[in-house]
Amino acid sequence: MNRFILSAFLLVAIFAISDAAVAQQQVKDGEKVEIDAFKGAKAIKRTVAGGDQIFHLDGDNKGSFVDAKGKKIESTNYEANNGILIIKKFTKADVGTYSEHPAKNTETKHADGSISAVPGLTLDISLQ
């Protein structure tokens, strides 16, 4: 019986953690948006209608988006400030999923020796 209770508790905890790993935010068209959920990251990946893009907060491409082919994308509407991505005027083109790049998983070691991994935080941003 105790194993059943412990298993049920762990299952509920895993679901709670995995739901917490996806945050949702709704913003208004033209609103200034600061993405500070990934402090300390070197880059932020986003998946938008235009494809996968990586905004570099550090390094050679600092302050700009780069697409999957390595091509710089016009980035005057974006800036980096102390590890925070700032979208000056949020538009339909910015709607998508944002995450730290490269992606980091959170691993948890359990008393029975097993290890579970939960994907890092993902932020879904949409228009109101």
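## Terms and basis of the model

Two strands are said to pair if DSSP finds at least two bridges between them, and the strands themselves (E, at least two residues) are DSSP runs numbered from the N terminus. The structure is a predicted model, in which local features need pLDDT of at least 70 and side-chain atom pairs count only at pLDDT 80 or more, while totals for chains, interfaces and linings use all residues. Residues are numbered from 1 along each chain as its sequence is written, and side-chain values use heavy atoms, with hydrogens and water left out.

## Pairing around strand E9

Strand E3 (residues 43-48) pairs with E9 in the antiparallel sense over six bridges, and Ala43 has His101 of E9 as its bridge partner.

Pro102 itself belongs to the loop between strand E9 (96-101) and strand E10 (105-109).

## The open sheet E2-E8-E7

Three strands form an open sheet in the order E2-E8-E7, with antiparallel pairing. Strand E2 (33-35) and E7 stand at the edges, and because each has a single partner strand, one side of each is left without a neighbour in the sheet. The twist averages 25° from one strand to the next, where axes are lines fitted to C-alpha atoms and angles run from 0 to 180 degrees between N-to-C directions. E2 and E8 are paired in the antiparallel sense over three bridges, and Glu34 has Ile86 of E8 as its bridge partner.

Asn82 is found in the loop between strand E7 (78-81) and strand E8 (84-87), and its phi is near 55°, a positive value in a residue other than glycine.

A polar atom of the Ser75 side chain lies 2.6 Å from the backbone oxygen of Ile73. Leaving aside residues up to four places away in sequence, Ser75 touches Gly63, Ser64 and Phe65, contact being heavy atoms within 4.5 Å.

Technical notes: Helix = DSSP H or I, 4+ residues; strand = E, 2+ residues; numbered from the N terminus. Polar contact = N/O pair within 3.5 Å; in protein donor to acceptor, adjacent residues only side chain to side chain.
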